[in-house]
Amino acid sequence: MRDEKKKMPSNDGIESQKNTPQKRLFKKKRAGVVLTEEQVKEIREGRKQLRKDLRAVGIKSRKDFELTASSLGLYFDKRKIFAFLWFLKARWLWALITALLLVLTTFFIMSLVTKMRGHFTVNMNHELFQEGFSVSESPSFIKPGSYLYSTPLEEAMCISIMDISDDFLDTDGYFHGENYFAFTFYIRNDGKSTVGYEWDVSINSESQNVSSAAWVMIFEDNQMTLHAEGKPNGSPEMIPGIDDDLHGYAKMPFGEYAKYPDEQYEIVNPEGTIPFYRMIAEPFKDETVVATGRQVSVKPKDTHRYTVVLWIEGDDPDCTNALIGGHLGLEMNFKLLEIQEEK
């Protein structure tokens, strides 16, 4: 299992309220779209900050920098031969070369994204950033920003939730447990208004249907919800299965953190002298969205803490040898609520 990456995040933070056209001869573009002067400036500033962040964690390779920058949308299209093409007059030749460049650019970006598999990311849209929100791996917000990313957990094997200790709750940033991945971060309102936001945890990269056996815990201010892909009939995944009343957990795994304990656990043998528990996961929202949530009223200086834990559940019926060599990547996205409560 790998918490990996397949596509560039939308990175709405690159957008700008202004739309000043570029005045340079050869316009800066991203993914074939001409950028505004404000967007060019923000991308350059973002690349500068990213370079500092990577060096701070010991990553100095230009290749790693470009891969990470590409996955976060902090790049410009390559145009090394445009100066030569300026002298070409034939329109059909321009059209042919442009088409070839688009194809090559597409393959280039796909190649970069494939190599970037494994970076769990946290993204915040421009509107929320404009309201003064920021995210950080530190509760003191030493390095606030509009996005976060982590290094991947590689060569992970199937485990039981009982193999996961709660040590990750005492660690900020990413935490590589034994065959499980966790990432803890904070979001804070540094603006002047009380507003709301909504979030989602989504799959951004997958191979070999790893999500069928992947389980996810999401802690919001230390209140945990449990998620797994539902059954074909829409019913939730359970361990032990609904027809198995002979087995169960001796205690509720992470039950002390459960946001909805009555919905996440049930007693398998209610007539027995020793209770055993069944674990019930909330089904994924759809094929790509694991879970959603919201905070409807976040006051200035309010801070919320999030932890996302990912593992391949060995007791899940879909955990088979067919998953060997596969990968799974997630991202968590935050955006401003379109409809806010009246103040």
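Glu-66 is buried, at 18% relative accessibility; buried means under 20% relative accessible area, exposed over 50%, and partly exposed in between (1.4 Å probe, protein chains only). The model is predicted, so local features need pLDDT of at least 70 and side-chain atom pairs count only at pLDDT 80 or more, while totals for chains, interfaces and linings use all residues. Residues are numbered from 1 along each chain as its sequence is written, and side-chain values use heavy atoms, with hydrogens and water left out.

## The link between helices 1 and 2

Glu-66 forms a salt bridge (a side-chain nitrogen of Lys or Arg within 4 Å of a carboxyl oxygen of Asp or Glu) with Arg-47, and their closest N and O atoms are 2.9 Å apart. Because Glu-66 lies in helix 2 (residues 62-71) and Arg-47 in helix 1 (residues 37-56), the pair ties together parts 19 residues apart in sequence. Helices (H or I, at least four residues) and strands (E, at least two) are DSSP runs, numbered from the N terminus. Arg-47 is also buried, with a relative accessible area of 15%.

## Links involving strands

A salt bridge joins Glu-198 and Lys-335, with 3.9 Å between the closest N and O atoms. Glu-198 belongs to strand 8 (residues 195-207) and Lys-335 to strand 17 (residues 327-336), so this pair connects parts 137 residues apart in sequence. Lys-335 is partly exposed, at 40% relative accessible area.
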